[in-house]
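Look over the structure first, then read on.

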Protein chains: 2
Amino acid sequence: MTIRKHAQEVSREERAALKTQRPCVIWLTGLSGSGKSTIANCLERRLVARGRHTALLDGDNLRHGLNKDLSFTEGDRVENIRRVGEVAALMADAGLIVLTAFISPFRDDRELVRRLLPEGEFIQVHVATPLDECERRDPKGLYRKARLGEIPHFTGISSPYEAPDEPELRLDTSVDSVEKCAGIILTLLAARDLI
Amino acid sequence: MTIRKHAQEVSREERAALKTQRPCVIWLTGLSGSGKSTIANCLERRLVARGRHTALLDGDNLRHGLNKDLSFTEGDRVENIRRVGEVAALMADAGLIVLTAFISPFRDDRELVRRLLPEGEFIQVHVATPLDECERRDPKGLYRKARLGEIPHFTGISSPYEAPDEPELRLDTSVDSVEKCAGIILTLLAARDLI
(Lines give C-alpha, C1' and ligand atoms only; values in the text may rest on other atoms or scores of the structure.)
Protein backbone atom coordinates (compact mmCIF):
# COMPACT_ATOMS: atom_id res chain seq x y z
CA MET A 1 0.00 0.00 0.00
CA THR A 2 1.58 3.25 -1.08
CA ILE A 3 -0.10 6.10 0.70
CA ARG A 4 2.54 8.81 0.72
CA LYS A 5 3.17 10.43 -2.57
CA HIS A 6 5.26 13.52 -2.10
CA ALA A 7 8.94 13.66 -1.29
CA GLN A 8 8.44 16.09 1.59
CA GLU A 9 6.04 13.78 3.38
CA VAL A 10 7.17 11.73 6.34
CA SER A 11 7.42 8.09 5.26
CA ARG A 12 6.18 5.06 7.16
CA GLU A 13 9.82 3.97 7.43
CA GLU A 14 10.75 7.24 9.14
CA ARG A 15 7.84 6.91 11.57
CA ALA A 16 8.79 3.35 12.45
CA ALA A 17 12.50 4.19 12.70
CA LEU A 18 11.70 6.85 15.31
CA LYS A 19 10.19 4.06 17.39
CA THR A 20 13.03 1.64 16.55
CA GLN A 21 10.54 -0.99 15.53
CA ARG A 22 8.88 -2.45 12.46
CA PRO A 23 5.14 -1.96 12.17
CA CYS A 24 2.77 -4.88 11.76
CA VAL A 25 -0.81 -5.94 12.41
CA ILE A 26 -1.42 -8.90 14.70
CA TRP A 27 -4.88 -10.03 13.72
CA LEU A 28 -6.58 -12.29 16.30
CA THR A 29 -9.55 -14.19 14.89
CA GLY A 30 -11.76 -16.75 16.59
CA LEU A 31 -15.11 -17.44 18.21
CA SER A 32 -16.71 -15.26 20.85
CA GLY A 33 -15.23 -16.32 24.20
CA SER A 34 -12.14 -17.90 22.62
CA GLY A 35 -9.81 -15.51 24.44
CA LYS A 36 -8.87 -13.04 21.69
CA SER A 37 -9.20 -9.83 23.72
CA THR A 38 -7.58 -11.35 26.80
CA ILE A 39 -4.58 -12.51 24.77
CA ALA A 40 -4.42 -9.12 23.00
CA ASN A 41 -4.36 -7.24 26.30
CA CYS A 42 -1.72 -9.52 27.77
CA LEU A 43 0.40 -9.31 24.60
CA GLU A 44 0.10 -5.55 24.45
CA ARG A 45 1.17 -5.16 28.05
CA ARG A 46 4.26 -7.27 27.39
CA LEU A 47 5.08 -5.33 24.21
CA VAL A 48 4.76 -2.02 26.04
CA ALA A 49 6.98 -3.38 28.84
CA ARG A 50 9.60 -3.86 26.12
CA GLY A 51 9.18 -0.27 24.97
CA ARG A 52 7.15 -1.10 21.86
CA HIS A 53 4.61 1.37 20.52
CA THR A 54 1.28 -0.33 20.11
CA ALA A 55 -2.42 0.20 19.50
CA LEU A 56 -5.27 -2.16 20.25
CA LEU A 57 -8.48 -2.29 18.27
CA ASP A 58 -11.40 -4.33 19.53
CA GLY A 59 -15.16 -4.24 19.73
CA ASP A 60 -15.02 -2.05 22.82
CA ASN A 61 -13.39 0.89 21.10
CA LEU A 62 -14.77 0.40 17.58
CA ARG A 63 -18.40 -0.60 17.99
CA HIS A 64 -19.17 2.47 20.12
CA GLY A 65 -17.24 4.85 17.91
CA LEU A 66 -16.20 4.46 14.30
CA ASN A 67 -18.56 1.56 13.67
CA LYS A 68 -21.51 2.59 15.78
CA ASP A 69 -23.61 3.01 12.64
CA LEU A 70 -23.24 -0.69 11.83
CA SER A 71 -25.56 -3.54 12.83
CA PHE A 72 -24.80 -7.25 12.93
CA THR A 73 -26.24 -8.15 9.55
CA GLU A 74 -23.83 -9.95 7.25
CA GLY A 75 -23.27 -6.84 5.12
CA ASP A 76 -22.55 -4.67 8.13
CA ARG A 77 -20.24 -7.28 9.63
CA VAL A 78 -18.24 -7.26 6.41
CA GLU A 79 -18.09 -3.45 6.53
CA ASN A 80 -17.10 -3.60 10.22
CA ILE A 81 -14.06 -5.71 9.39
CA ARG A 82 -13.20 -3.65 6.32
CA ARG A 83 -13.04 -0.48 8.44
CA VAL A 84 -11.04 -2.20 11.18
CA GLY A 85 -8.58 -3.30 8.50
CA GLU A 86 -8.28 0.19 7.06
CA VAL A 87 -7.71 1.75 10.48
CA ALA A 88 -5.16 -0.93 11.37
CA ALA A 89 -3.32 -0.20 8.09
CA LEU A 90 -3.31 3.55 8.85
CA MET A 91 -1.91 2.86 12.30
CA ALA A 92 0.77 0.54 10.88
CA ASP A 93 1.53 3.32 8.43
CA ALA A 94 2.10 5.53 11.48
CA GLY A 95 4.71 3.00 12.66
CA LEU A 96 2.68 1.19 15.32
CA ILE A 97 2.39 -2.49 16.16
CA VAL A 98 -1.38 -2.93 15.93
CA LEU A 99 -3.30 -5.67 17.74
CA THR A 100 -6.85 -6.43 16.69
CA ALA A 101 -9.35 -8.73 18.42
CA PHE A 102 -12.45 -9.40 16.31
CA ILE A 103 -14.32 -12.62 15.57
CA SER A 104 -13.87 -11.77 11.85
CA PRO A 105 -15.50 -15.03 10.78
CA PHE A 106 -15.13 -14.69 7.00
CA ARG A 107 -11.95 -15.72 5.20
CA ASP A 108 -12.37 -13.24 2.35
CA ASP A 109 -12.68 -10.29 4.74
CA ARG A 110 -9.47 -11.23 6.50
CA GLU A 111 -7.65 -11.66 3.21
CA LEU A 112 -8.80 -8.19 2.16
CA VAL A 113 -7.07 -6.81 5.24
CA ARG A 114 -3.90 -8.75 4.47
CA ARG A 115 -3.78 -7.10 1.07
CA LEU A 116 -3.93 -3.62 2.62
CA LEU A 117 -0.53 -4.22 4.22
CA PRO A 118 2.98 -4.72 2.91
CA GLU A 119 4.09 -8.35 2.58
CA GLY A 120 4.86 -9.92 5.95
CA GLU A 121 3.18 -7.28 8.08
CA PHE A 122 -0.14 -9.13 8.53
CA ILE A 123 0.14 -11.75 11.24
CA GLN A 124 -3.03 -13.81 11.40
CA VAL A 125 -3.48 -15.63 14.70
CA HIS A 126 -6.35 -18.10 14.93
CA VAL A 127 -7.51 -18.41 18.53
CA ALA A 128 -8.95 -21.86 17.93
CA THR A 129 -10.46 -22.60 21.34
CA PRO A 130 -13.19 -25.21 20.65
CA LEU A 131 -16.80 -24.08 20.38
CA ASP A 132 -17.96 -26.20 23.33
CA GLU A 133 -15.37 -24.60 25.59
CA CYS A 134 -16.28 -21.07 24.36
CA GLU A 135 -19.94 -21.84 24.97
CA ARG A 136 -19.20 -23.25 28.42
CA ARG A 137 -17.38 -20.02 29.36
CA ASP A 138 -20.00 -17.75 27.74
CA PRO A 139 -18.53 -14.66 29.45
CA LYS A 140 -21.18 -12.29 28.10
CA GLY A 141 -24.11 -14.72 28.10
CA LEU A 142 -24.27 -14.44 24.32
CA TYR A 143 -24.25 -18.16 23.51
CA ARG A 144 -27.21 -18.69 25.81
CA LYS A 145 -29.13 -15.94 24.04
CA ALA A 146 -28.09 -17.29 20.64
CA ARG A 147 -29.32 -20.79 21.56
CA LEU A 148 -32.64 -19.25 22.60
CA GLY A 149 -32.80 -17.58 19.19
CA GLU A 150 -32.55 -14.12 20.74
CA ILE A 151 -29.42 -13.27 18.72
CA PRO A 152 -29.62 -14.07 15.01
CA HIS A 153 -26.51 -14.80 12.93
CA PHE A 154 -24.36 -15.70 15.94
CA THR A 155 -21.00 -17.06 14.87
CA GLY A 156 -20.63 -20.76 15.66
CA ILE A 157 -24.34 -21.22 16.37
CA SER A 158 -26.37 -19.73 13.55
CA SER A 159 -23.64 -18.26 11.35
CA PRO A 160 -20.47 -19.96 10.11
CA TYR A 161 -16.91 -19.40 11.29
CA GLU A 162 -14.45 -19.92 8.46
CA ALA A 163 -11.21 -21.01 10.07
CA PRO A 164 -8.03 -19.73 8.42
CA ASP A 165 -6.34 -22.34 6.23
CA GLU A 166 -2.82 -21.20 6.96
CA PRO A 167 -2.75 -18.77 9.86
CA GLU A 168 0.64 -17.56 11.00
CA LEU A 169 -0.26 -19.14 14.37
CA ARG A 170 -3.00 -21.27 15.85
CA LEU A 171 -3.59 -21.04 19.60
CA ASP A 172 -6.08 -22.66 21.98
CA THR A 173 -6.76 -21.14 25.39
CA SER A 174 -8.34 -24.39 26.59
CA VAL A 175 -4.88 -25.97 26.28
CA ASP A 176 -2.48 -23.10 26.97
CA SER A 177 -2.75 -20.20 29.41
CA VAL A 178 -3.25 -16.67 28.12
CA GLU A 179 0.28 -15.80 29.24
CA LYS A 180 1.67 -18.73 27.29
CA CYS A 181 -0.35 -17.80 24.19
CA ALA A 182 0.96 -14.24 24.34
CA GLY A 183 4.47 -15.63 24.74
CA ILE A 184 4.07 -17.77 21.62
CA ILE A 185 3.11 -14.69 19.61
CA LEU A 186 6.08 -12.76 21.00
CA THR A 187 8.36 -15.61 19.95
CA LEU A 188 6.96 -15.52 16.41
CA LEU A 189 7.38 -11.74 16.21
CA ALA A 190 10.99 -12.06 17.34
CA ALA A 191 11.66 -14.91 14.89
CA ARG A 192 10.33 -12.71 12.08
CA ASP A 193 12.48 -9.83 13.25
CA LEU A 194 9.39 -7.70 13.89
CA ILE A 195 10.38 -6.94 17.49
CA MET B 1 -13.40 9.59 26.06
CA THR B 2 -12.89 6.56 28.24
CA ILE B 3 -12.21 3.59 26.04
CA ARG B 4 -10.18 1.30 28.26
CA LYS B 5 -12.15 -0.41 30.94
CA HIS B 6 -10.07 -3.11 32.52
CA ALA B 7 -7.16 -2.65 34.89
CA GLN B 8 -4.87 -4.89 32.87
CA GLU B 9 -5.30 -2.81 29.74
CA VAL B 10 -2.62 -0.39 28.65
CA SER B 11 -3.86 3.14 29.26
CA ARG B 12 -3.57 6.09 26.89
CA GLU B 13 -1.35 7.75 29.49
CA GLU B 14 1.05 4.80 29.39
CA ARG B 15 1.15 4.87 25.61
CA ALA B 16 1.87 8.58 25.56
CA ALA B 17 4.42 8.33 28.37
CA LEU B 18 6.39 5.79 26.33
CA LYS B 19 6.70 8.46 23.66
CA THR B 20 7.37 11.21 26.22
CA GLN B 21 4.68 13.37 24.69
CA ARG B 22 1.06 14.34 25.17
CA PRO B 23 -1.35 13.26 22.43
CA CYS B 24 -3.52 15.75 20.61
CA VAL B 25 -5.33 16.29 17.32
CA ILE B 26 -4.35 19.29 15.22
CA TRP B 27 -7.37 19.80 13.02
CA LEU B 28 -6.70 21.95 9.94
CA THR B 29 -9.89 23.25 8.33
CA GLY B 30 -10.28 25.56 5.35
CA LEU B 31 -11.11 25.86 1.68
CA SER B 32 -9.65 23.65 -1.03
CA GLY B 33 -6.31 25.17 -2.02
CA SER B 34 -5.93 27.09 1.26
CA GLY B 35 -2.72 25.23 2.15
CA LYS B 36 -3.96 22.73 4.77
CA SER B 37 -2.07 19.68 3.50
CA THR B 38 1.08 21.65 2.76
CA ILE B 39 1.11 23.10 6.28
CA ALA B 40 0.33 19.65 7.75
CA ASN B 41 3.25 18.06 5.92
CA CYS B 42 5.64 20.82 6.91
CA LEU B 43 4.46 20.70 10.53
CA GLU B 44 4.73 16.93 10.66
CA ARG B 45 8.26 16.98 9.33
CA ARG B 46 9.27 19.48 12.00
CA LEU B 47 7.57 17.46 14.75
CA VAL B 48 9.32 14.28 13.60
CA ALA B 49 12.64 16.16 13.54
CA ARG B 50 12.00 16.84 17.23
CA GLY B 51 11.40 13.15 17.88
CA ARG B 52 7.62 13.44 18.13
CA HIS B 53 5.41 10.52 17.15
CA THR B 54 2.82 11.64 14.65
CA ALA B 55 0.22 10.52 12.16
CA LEU B 56 -1.28 12.46 9.29
CA LEU B 57 -4.78 11.95 7.98
CA ASP B 58 -5.86 13.61 4.76
CA GLY B 59 -7.95 12.95 1.71
CA ASP B 60 -5.10 11.04 0.08
CA ASN B 61 -5.03 8.27 2.65
CA LEU B 62 -8.70 8.29 3.69
CA ARG B 63 -10.70 8.75 0.51
CA HIS B 64 -9.04 5.75 -1.17
CA GLY B 65 -9.25 3.54 1.88
CA LEU B 66 -11.51 3.83 4.89
CA ASN B 67 -13.87 6.28 3.21
CA LYS B 68 -13.82 4.96 -0.34
CA ASP B 69 -17.51 4.00 -0.01
CA LEU B 70 -18.47 7.64 0.49
CA SER B 71 -19.51 10.15 -2.16
CA PHE B 72 -19.54 13.93 -1.90
CA THR B 73 -23.21 14.36 -1.03
CA GLU B 74 -23.83 16.33 2.16
CA GLY B 75 -24.70 13.19 4.14
CA ASP B 76 -21.58 11.39 3.01
CA ARG B 77 -19.39 14.43 3.69
CA VAL B 78 -20.70 14.48 7.26
CA GLU B 79 -19.95 10.75 7.58
CA ASN B 80 -16.49 11.33 6.08
CA ILE B 81 -15.61 13.81 8.81
CA ARG B 82 -17.20 11.67 11.53
CA ARG B 83 -14.96 8.74 10.59
CA VAL B 84 -11.87 10.94 10.35
CA GLY B 85 -12.66 12.19 13.84
CA GLU B 86 -13.09 8.69 15.22
CA VAL B 87 -9.81 7.51 13.68
CA ALA B 88 -7.99 10.61 14.93
CA ALA B 89 -9.36 9.91 18.43
CA LEU B 90 -8.19 6.28 18.27
CA MET B 91 -4.74 7.44 17.19
CA ALA B 92 -4.60 10.02 19.98
CA ASP B 93 -5.64 7.21 22.31
CA ALA B 94 -2.57 5.35 21.03
CA GLY B 95 -0.47 8.33 22.16
CA LEU B 96 0.14 10.01 18.81
CA ILE B 97 0.06 13.65 17.79
CA VAL B 98 -2.44 13.50 14.94
CA LEU B 99 -2.60 16.03 12.12
CA THR B 100 -5.67 16.18 9.92
CA ALA B 101 -6.17 18.17 6.73
CA PHE B 102 -9.78 18.20 5.54
CA ILE B 103 -11.98 21.03 4.28
CA SER B 104 -14.49 19.99 6.98
CA PRO B 105 -16.83 22.87 6.12
CA PHE B 106 -19.50 22.32 8.76
CA ARG B 107 -19.16 23.67 12.29
CA ASP B 108 -21.27 20.96 13.91
CA ASP B 109 -19.15 18.19 12.42
CA ARG B 110 -15.96 19.73 13.78
CA GLU B 111 -17.51 20.19 17.21
CA LEU B 112 -18.51 16.52 17.21
CA VAL B 113 -14.84 15.65 16.77
CA ARG B 114 -13.84 17.98 19.59
CA ARG B 115 -16.18 16.13 21.90
CA LEU B 116 -14.53 12.80 21.09
CA LEU B 117 -11.34 14.03 22.71
CA PRO B 118 -10.33 14.93 26.25
CA GLU B 119 -10.45 18.66 27.06
CA GLY B 120 -7.61 20.59 25.48
CA GLU B 121 -6.55 17.89 23.02
CA PHE B 122 -8.46 19.25 20.01
CA ILE B 123 -6.56 22.07 18.36
CA GLN B 124 -8.65 23.63 15.62
CA VAL B 125 -6.61 25.60 13.09
CA HIS B 126 -8.52 27.61 10.51
CA VAL B 127 -6.45 28.00 7.36
CA ALA B 128 -8.30 31.14 6.35
CA THR B 129 -6.66 31.88 3.02
CA PRO B 130 -9.23 33.98 1.10
CA LEU B 131 -11.41 32.29 -1.49
CA ASP B 132 -10.13 34.41 -4.38
CA GLU B 133 -6.56 33.40 -3.60
CA CYS B 134 -7.53 29.69 -3.29
CA GLU B 135 -9.36 29.94 -6.60
CA ARG B 136 -6.42 31.70 -8.24
CA ARG B 137 -4.11 28.86 -7.15
CA ASP B 138 -6.60 26.10 -8.03
CA PRO B 139 -3.89 23.40 -7.68
CA LYS B 140 -6.17 20.57 -8.75
CA GLY B 141 -8.31 22.50 -11.24
CA LEU B 142 -11.34 21.92 -9.03
CA TYR B 143 -12.52 25.53 -8.80
CA ARG B 144 -12.57 25.76 -12.57
CA LYS B 145 -14.70 22.62 -12.77
CA ALA B 146 -16.94 23.87 -9.99
CA ARG B 147 -17.50 27.20 -11.78
CA LEU B 148 -18.42 25.23 -14.90
CA GLY B 149 -20.95 23.32 -12.81
CA GLU B 150 -19.05 20.06 -13.29
CA ILE B 151 -18.63 19.57 -9.53
CA PRO B 152 -21.80 20.04 -7.48
CA HIS B 153 -21.67 21.09 -3.81
CA PHE B 154 -18.18 22.53 -4.04
CA THR B 155 -17.21 24.34 -0.86
CA GLY B 156 -16.92 28.09 -1.33
CA ILE B 157 -18.66 28.00 -4.73
CA SER B 158 -21.88 26.05 -4.47
CA SER B 159 -21.72 24.85 -0.87
CA PRO B 160 -21.07 26.92 2.26
CA TYR B 161 -17.93 27.00 4.37
CA GLU B 162 -18.75 27.68 8.01
CA ALA B 163 -15.71 29.38 9.48
CA PRO B 164 -14.90 28.48 13.10
CA ASP B 165 -15.99 31.15 15.58
CA GLU B 166 -13.13 30.61 17.97
CA PRO B 167 -10.44 28.44 16.42
CA GLU B 168 -7.32 27.85 18.45
CA LEU B 169 -5.46 29.51 15.56
CA ARG B 170 -6.28 31.31 12.34
CA LEU B 171 -3.65 31.28 9.59
CA ASP B 172 -3.52 32.66 6.06
CA THR B 173 -1.02 31.33 3.54
CA SER B 174 -1.52 34.37 1.31
CA VAL B 175 0.06 36.43 4.10
CA ASP B 176 2.49 34.01 5.78
CA SER B 177 4.69 31.31 4.29
CA VAL B 178 3.91 27.66 4.94
CA GLU B 179 7.05 27.43 7.10
CA LYS B 180 5.89 30.38 9.17
CA CYS B 181 2.38 28.92 9.57
CA ALA B 182 3.84 25.61 10.77
CA GLY B 183 6.05 27.56 13.17
CA ILE B 184 3.04 29.39 14.61
CA ILE B 185 1.34 26.04 15.31
CA LEU B 186 4.51 24.70 16.94
CA THR B 187 4.63 27.78 19.17
CA LEU B 188 1.03 27.21 20.25
CA LEU B 189 1.69 23.52 21.00
CA ALA B 190 4.69 24.49 23.09
CA ALA B 191 2.74 27.19 24.92
CA ARG B 192 0.07 24.63 25.78
CA ASP B 193 2.72 22.21 26.98
CA LEU B 194 1.69 19.69 24.31
CA ILE B 195 5.23 19.36 22.94
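## Helix pair

Which residues in H4(A) meet which residues in H5(A)? From H4(A) come A:Val78, A:Ile81, A:Arg82, A:Gly85, A:Glu86, A:Ala88 and A:Ala89; from H5(A) come A:Asp109, A:Leu112, A:Val113 and A:Leu116. Contact requires C-beta atoms, placed from the backbone, within 7 Å. The residues of this contact divide into seven nonpolar, one polar and three charged. Ala, Val, Leu, Ile, Met, Phe, Trp, Tyr, Cys and Pro count as nonpolar, Asp, Glu, Lys and Arg as charged, and the others, Gly among them, as polar.

H4 spans residues 74-93 of chain A and H5 residues 107-116. They pack at about 20°, axes 9 Å apart. That makes H4(A) roughly parallel to H5(A) (angles under 35 degrees). Axes are lines fitted to C-alpha atoms, for helices over the stretch in contact, and angles run from 0 to 180 degrees between N-to-C directions.

## Sheet

Five strands of chain A form an open, parallel sheet, ordered E2-E3-E1-E4-E5. Strands pair if DSSP finds at least two bridges between them. Helices (H or I, at least four residues) and strands (E, at least two) are DSSP runs, numbered from the N terminus. The edge strands are E2 (54-58) and E5 (169-171) of chain A.

Five bridges join E1(A) to E3(A). A:Leu28 has A:Ala101 as its bridge partner in E3(A).

## Basis

This is a predicted model: local features need pLDDT of at least 70, side-chain atom pairs count only at pLDDT 80 or more, and totals for chains, interfaces and linings use all residues. Residues are numbered from 1 along each chain as its sequence is written, while chains are lettered from A and ligands numbered from 1 in the order in which they are written.

Terms used. Angles under 35 degrees count as roughly parallel, over 145 as roughly antiparallel, 65 to 115 as roughly perpendicular and the rest as oblique. Two residues are in contact if their C-beta atoms, placed from the backbone, lie within 7 Å.
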